[in-house]
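Here is a friendly walk through one model, meant to be read with the structure open beside you. Take a moment to turn it around before reading on.

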Amino acid sequence: MSAPVPTSPPAVAARHVTSSGTRVYTLTVPAFPHFAANVFVVVRGGPDAPQYTALVDTGGSHEASTAALEAGLDAVRSEYGEALSWDTLGRVVITHPHPDHVAGLPFVRSRTEAPIAAHEWAVPTMQNPAGDPVTRQAEMEAHIRWLGLNGDGTEAEYAERLRRRARNAMLPEAVEVQTPLKDGDVLDDIFAVIHTPGHEGSQVCLRVDDLLLSADHLLPRNSPPLMPERFQRGAGLGHYLKSLDRIEALEGVTVALGGHDGPMQNWKGRVQNLRDRYDDKLRAVLDAAAGPITIHDLTHALHPRLRAIQAILLLDQTAALAEYLVARGELLETRQEDEAALFVKA
């Protein structure tokens with residue numbers, strides 16, 4: 001049976017004008033079946049002859065996503081009178097190399113020669129997405145053992161799904177990055193770059209005047225998936241919470257636009273809401289770890305109605321929570337003979 005065809009959302013979900021008159025258009029594209037992501041078009045100068053045009057993120061690689069991206073650009077031209085095209089695009093920026101944000105990049109590169117920018121830690125993934133398959137699989141096998149996925153039943157099922165994930169690249173082919181970014185850079189005199197690791201180690205948020213493109217760091221409806229830092233540089237709850245502090249300290253930002261869903265006017269309230277949610281999750285982990293327990297068993301204790309589709313993301317999240325509590329001295333970590341980590345309340 002073929003996979004379901006993603007449904008296309010409206011071509012242009014929103015238009016925002018910053019304090020300097022820069023226009024930011026949100027194009028919502030079907031990144032995966034039943035899962036949409038936001039792509040942004042940033043335009044400065046008169047609509048008839050823009051001085052600068054950038055595309056932030058690219059959506060997925062499949063035809064429904066790339067067609068929605070094309071339709072969104074058409075709508076920006078027809079509905080708002082912006083004289084932009086692939087030929088006049090001046091910049092492509094990637095907030096982080098997850099497939100719902102970067103996999104459409106080879107398609108975009110086939111349409112434009114605009115230089116690509118991404119955080120310096122993302123460059124190796126984007127320029128060599130396959131990496132070293134032998135090393136990737138070896139690292140995943142060690143991670144599988146650490147998670148406690150060494151038995152039958154759901155443990156074996158989850159282990160095989162993680163092996164498949166290790167074989168999948170974040171984008172379908174290599175793309176050269178012309179402009180590696182660092183925290184504090186100002187790209188093209190438009191984007192203030194804020195490195196916000198946590199959800200993904202190389203993720204950046206981008207400030208344009210009084211508007212924040214908050215990528216997957218700050219979302220209006222969900223807390224972003226996390227994995228432990230032991231598996232990816234810059235990942236983990238500790239980095240995520242420090243990045244939330246950095247974003248919250250920004251002054252003069254009136255709206256935040258995330259990588260999914262709609263705009264956030266009360267974005268600082270959303271930051272506090274996320275902190276409260278993580279406090280609740282951490283307390284639940286401590287309560288469940290009254291006796292030594294593996295990440296697999298801890299995940300099922302925290303989520304007794306766990307659906308198979310959620311399993312891998314929740315394993316990642318539980319591991320990130322436990323890792324953070326170990327760093328704070330509130331959990332103790334030991335190992336079984338089979339290398340599974342055991343966690344117990346200190």
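Which residue in β2 does H16 stand opposite? H16 faces V24 of β2. The model you are looking at is predicted, and the pair of H16 and V24 is a handy place to start.

**The seven-stranded sheet**

- Seven strands make up an open sheet, and their order is β1-β2-β3-β4-β5-β6-β7 with mixed pairing.
- At the edges of this sheet sit β1 (14-17) and β7 (179-181), each of which pairs on one side only.
- On average, neighbouring strands here are turned by 25° against each other, direction ignored.
- β1 and β2 run antiparallel and are joined by four bridges.
- These two strands, β1 and β2, form a hairpin with five residues between them, and in its turn G21 has a positive phi of about 95°.
- Next along, β2 (residues 23-32) pairs with β3 (residues 35-44) in the antiparallel sense, over nine bridges.
- The hairpin of β2 and β3 has two residues between the strands, and H34 takes a positive phi near 65° there.
- If you want to find this pairing by eye, look for F32, whose bridge partner in β3 is F35.
- Is β2 enclosed or open? Of its 10 residues, nine are buried, so β2 is largely enclosed by the rest of the structure.
- Helix α1 (residues 63-80) lies across β1, β2, β3 and β4 (52-56), and runs at about 155° to β2.

**The six-stranded sheet**

- A further open sheet is formed by six strands in the order β8-β9-β10-β11-β12-β13, again with mixed pairing.
- Its edge strands are β8 (186-187) and β13 (263-264), and each pairs on one side only.
- Two bridges join β8 to β9 (residues 191-195), and this pair of strands runs antiparallel.
- Across that pairing, L187 stands opposite F191 in β9.
- Helix α7 (residues 237-248) lies across β9, β10 (204-208) and β11 (211-215), running at about 150° to β9.

**Where two helices cross**

- Two packed helices are described by the angle between their axes and the distance between the axes.
- For α6 and α10 (residues 311-327), the axes come within 10 Å and cross at roughly 90°.
- Angles of 65 to 115 degrees count as roughly perpendicular, which is why α6 and α10 are described as roughly perpendicular to each other.
- On the α6 side, the contact is made by Y158, R161, L162 and R165, while α10 supplies A311, I312, L315 and D316.
- The residues of this contact divide into five nonpolar, no polar and three charged.

**Salt bridges**

- Side chains of opposite charge can pair when their charged atoms come close.
- How many salt bridges does the structure hold? The total is 19.
- One of them joins the side chains of E339 and R145, at 3.3 Å from N to O.
- This pair links distant parts of the chain, 194 residues apart: E339 is in the loop between β14 (331-335) and β15 (341-345), and R145 is in helix α5 (residues 133-147).
- E339 counts as partly exposed, because its relative accessibility is 39%, and R145 also counts as partly exposed, at 28%.
- Another salt bridge brings together the side chains of R163 and E160, at 3.5 Å from N to O.
- Both R163 and E160 lie in helix α6 (residues 154-167), three residues apart, which is about one turn of the helix.
- R163 has 24% relative accessibility and so counts as partly exposed; E160 is partly exposed too, with a relative accessible area of 32%.
- R163 and E160 also belong to a network of salt bridges that links them with E141 and R167.
- The side chains of E333 and R335 meet in a salt bridge as well, at 3.5 Å from N to O.
- With 33% relative accessibility, E333 counts as partly exposed, and R335 counts as partly exposed at 46%.

Key
Residues numbered from 1 in each chain as written. Predicted model: local features only at pLDDT ≥ 70, side-chain atom pairs only at ≥ 80, totals over all residues. Heavy atoms only, no water. Pairing = 2+ DSSP bridges. Contact = heavy atoms within 4.5 Å. Axes fitted to C-alpha atoms, helices over the stretch in contact; angles between N-to-C directions. Salt bridge = Lys/Arg side-chain N within 4 Å of Asp/Glu carboxyl O. Buried < 20%, exposed > 50% of the residue type's maximum accessible area, 1.4 Å probe, protein only. Parallel < 35°, antiparallel > 145°, perpendicular 65-115°, else oblique. Nonpolar A, V, L, I, M, F, W, Y, C, P; charged D, E, K, R; others polar.
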